[in-house]
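This report walks through one protein model, part by part. Please keep the sequence and the 3D view open while reading.

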Amino acid sequence: MKRKVLAMLCALVMVVTALAGCGSDKKETAAPVEGTEKKEENKESKETEAPETQGASGDVKIALITMDSVDQHWVNLNEGAQKAAGELGVEVTLLAPNMKDDAQQIECVNNAVAGKYNAIMVAANGPDAISSALKEAQSAGIKIVYVDSPANVDAEATFSTDNKAAGKIAGEEMIKALEAAGITSGDIGIVNVNASTETAVAREEGFRSAFEGKGYTLLETQYGEGDAAKSQTIAENYITQGVVGIFGTNEGSTTGTGNAIKASSSDVIGVGFDKSDAIQNLIADGYLLCTMAQNPDVMGYEGVKAAVAAVNGESLGGKVTDTGVSVLTKETLGGSSEGSTGGSSDVKASKEWKIALITMDSVDQHWVSLHEGAQEKAKELGVEVTFMAPNSKDDAQQIECVNNAVAGKYDAIMVAANGPDSITSALKEAQAAGIKIVYVDSPANLEAEATFSTDNKAAGKTAGEEMLKALAEANVTSGNIGIVNINASTDSTVNREAGFREAFEGKGFTLLETQYGEGDAAKSQTIAENYITQGVVGIFGANEGATTGVGNAIKANGSGIIGVGFDKSDAILNLIEDGHILCTMAQNPDVMGALGVEACVKALEGENLGGAVTDTGVSVLTK
């Protein structure tokens, strides 16, 4: 794969020289690209299965114009585009400039018009510079699809990250790390691309919003044009000013930030955007805290499908699709970044430790996936993991599972607590017996070695924001909203609901009293059907069973009601694909399982994990 990418880039450099900075009309092969990087959510979701789009009627030529041809983000986007091109039997040609430059990008658009391409997929440097050239392309009958970054011209469709929301998450991650280090004030530096690239501007806006009222001072933004070397110089200047944190808004600025922190050996907290080998190495070595990993391959893949559909006469209505983001940290790099469940590890087990895995039930696909991740890591480390989950969500059954683990002389227990209190006494007895406790997904009110879970409140707020966007698009500005939760004590889902409700504060909607379905799809469906008879405009499901029930109720009775939910299963993905659920917040349960086993082994081998809480990430999955 590396040889293939290098060969492609070398060829591009040659033609760039010949054509004063823009790609050539030479077509790339449209065969599927092997080894396209995908994180776990997208590998299994409907977005990356064989597309429903019909093959092209006649030869279809699509020009792909990204901001440059060098950043790995754009290389991955091209790989996704080429994969879709191979499946649909169309030609996709990468016509990217060799650097971020408005004049070169405009020339690329003009070359696509001159080359009589049927469609242009474009990631605009800025919203305005390229607009006139795109309007001329549209006048020539060329369909426009945006990937990653739009311009101020109506297009067939846009596939991008919700950059403001993701930027806010980056800020929240930095704040958590600073507060964990006892730092509650200080200067923060921001390294951006430029003042006009819409995606990076939105990321900065979200990042700044996270710091409102927090006691930190965000310095004036500096611009490195996405160049790693320029960004490093900027970051080094920030470090000499005594900043406590630096944010990089794209791949180049993040790499530069990490390299500056590495060179100075400082304790500055660095967070950033995008995923490349360089960034992942900087995170693994501790010079960057985390990065917001987008899905450029999905943008490219879905962009080609949309372009072909538009060329074939389908009206896409200018829809904007969020292609998701996950937080990649040192702990999660082996899992969520590539869809694996742990990768290679330096953890060593001195004996075949026995670990009990106790989840809320043994039925939901979320827990099945968590168990699979745990078993894969157990096999890698040479330890034994026994799945001891009850068959339904029941406190008494879960307590009995803990007692059985103690009686069976297990060395460690990985547990997703039904609620924070009911299981606590049983876990204390387990600890008294020398058993190590690690939480996965949902903790109890007892200190443990480590916790691996989703930042449920933030993800719940994202779910609420997605519902609000859909309601606004449907011109619905008021009405009742129903919430289907598991119970009133499960920590993870209580936080999801709190985040969801927060999103609606001051928005003109009425959130009804929460109803509880115990995570059972049938009970949840009945609750949702009752909400529908009350005339709600939206319903939120707080876990897999609740979301499935909500979707089934809308399918049966509630056309036009907006349903959003949590977790990922075949049933939920099918409901999204059929239009009965708008979206779901997809967690990484396999990563929780893998990292949980790794933490158990570390604790059993004598390592002090300090009760660290690790966010294992979430992505928004839409149709």
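## Helix H12

In H12, the buried residues are His366, Trp367, Ser369, Leu370, His371, Gly373, Ala374, Lys377, Ala378 and Leu381. The model is predicted. Several elements cover these buried residues of H12. They include the strands S14, S15, S16 and S17 (436-440). Helix H18 (544-557) and helix H20 (589-604) are also among them.

Helix H12 covers residues 365-381. How far apart are its end C-alpha atoms? They are 24 Å apart. At 1.5 Å a residue, its 17 residues should span 24 Å, so the two values agree. Gly382 follows H12. The phi of Gly382 is positive, near 75°.

## The six-stranded sheet

An open sheet is formed by 6 strands. Their order is S15-S14-S16-S17-S18-S25, and the pairing is parallel. Which strands lie at the edges? They are strand S15 (384-387) and strand S25 (612-615). Each of these two pairs on one side only. From one strand to the next, the twist averages 20°.

Strand S14 (residues 354-358) is joined to S15 by 4 bridges. The two strands run parallel. Within this pairing, Ile355 has Val385 in S15 as its bridge partner. Helix H13 (residues 395-407) packs on the sheet. H13 touches S14 and strand S16 (412-415). The direction of H13 makes about 175° with that of S14.

Strand S3 spans residues 119-122. In a regular strand, side chains alternate between the two faces of the sheet. Are the faces of S3 buried or exposed? Both faces of S3 are covered. On one side, Ala119 and Met121 are buried. On the other, Ile120 and Val122 are buried too.

S3 pairs with strand S1 (residues 61-65) in the parallel sense, over 4 bridges. Here Ile65 stands opposite Val122 of S3. S3 is also joined to strand S4 (residues 143-147) by 4 bridges, and these strands run parallel. In that pairing, Ile120 stands opposite Ile144 of S4. Val122 and Ile120, named in these pairings, are both among the buried residues of S3.

## Aromatic pairs

How many aromatic pairs does the structure hold? There are 8. In one of them, the ring centres of Phe247 and Phe273 are 6.3 Å apart. Their planes lie at 65°, so this pair is edge-to-face; the cut-off for that class is over 60 degrees. Phe247 lies in strand S9 (residues 245-248) and Phe273 in strand S10 (residues 269-273), so the pair ties together parts that are 26 residues apart in sequence. Phe247 counts as buried, at 0% relative accessibility. Phe273 is buried as well, with a relative accessible area of 0%.

Phe500 and Phe504 form a tilted pair, because their planes are at 50° and their ring centres 5.0 Å apart. Phe500 is buried at 0% relative accessibility. Phe504 is buried with a relative accessible area of 3%.

## A ring cluster and two charges over rings

Ring pairs also build a cluster. It links Phe207, Phe211, Tyr216, Phe247 and Phe273. What sits over the ring of Phe273? The charged end of Arg203 does, 4.2 Å from the ring centre. Elsewhere, Arg496 lies over the face of Phe566. Arg496 is 4.2 Å from that ring centre.

## Thr462 in helix H15

Thr462 has its place in helix H15 (residues 456-473). Is Thr462 buried or exposed? With a relative accessible area of 17%, Thr462 is buried; the cut-off is under 20%. Which residues does Thr462 contact, leaving aside its neighbours within four places in sequence? They are Met585 and Val620.

## The protein as a whole

The protein has 20 helices and 26 strands. Of its 623 residues, 59% are buried. Consider the contacts between residues at least 6 apart in sequence. Of these, 75% join residues at least 24 apart.

Conventions:
Residues are numbered from 1 along each chain as its sequence is written. This is a predicted model: local features need pLDDT of at least 70, side-chain atom pairs count only at pLDDT 80 or more; totals for chains, interfaces and linings use all residues. Side-chain values use heavy atoms; hydrogens and water are left out. Rings of Phe, Tyr and Trp (its six-membered ring) pair if their centres lie within 6.5 Å; planes under 30 degrees apart count as stacked, over 60 as edge-to-face and the rest as tilted. Buried means under 20% relative accessible area, exposed over 50%, partly exposed in between (1.4 Å probe, protein chains only). A charge sits over a ring if NZ of Lys or CZ of Arg is within 6 Å of the ring centre and within 35 degrees of the ring normal. Two strands pair if DSSP finds at least two bridges between them. Axes are lines fitted to C-alpha atoms, for helices over the stretch in contact, and angles run from 0 to 180 degrees between N-to-C directions. Contact means heavy atoms within 4.5 Å. The expected span of a helix is 1.5 Å times one less than its number of residues.
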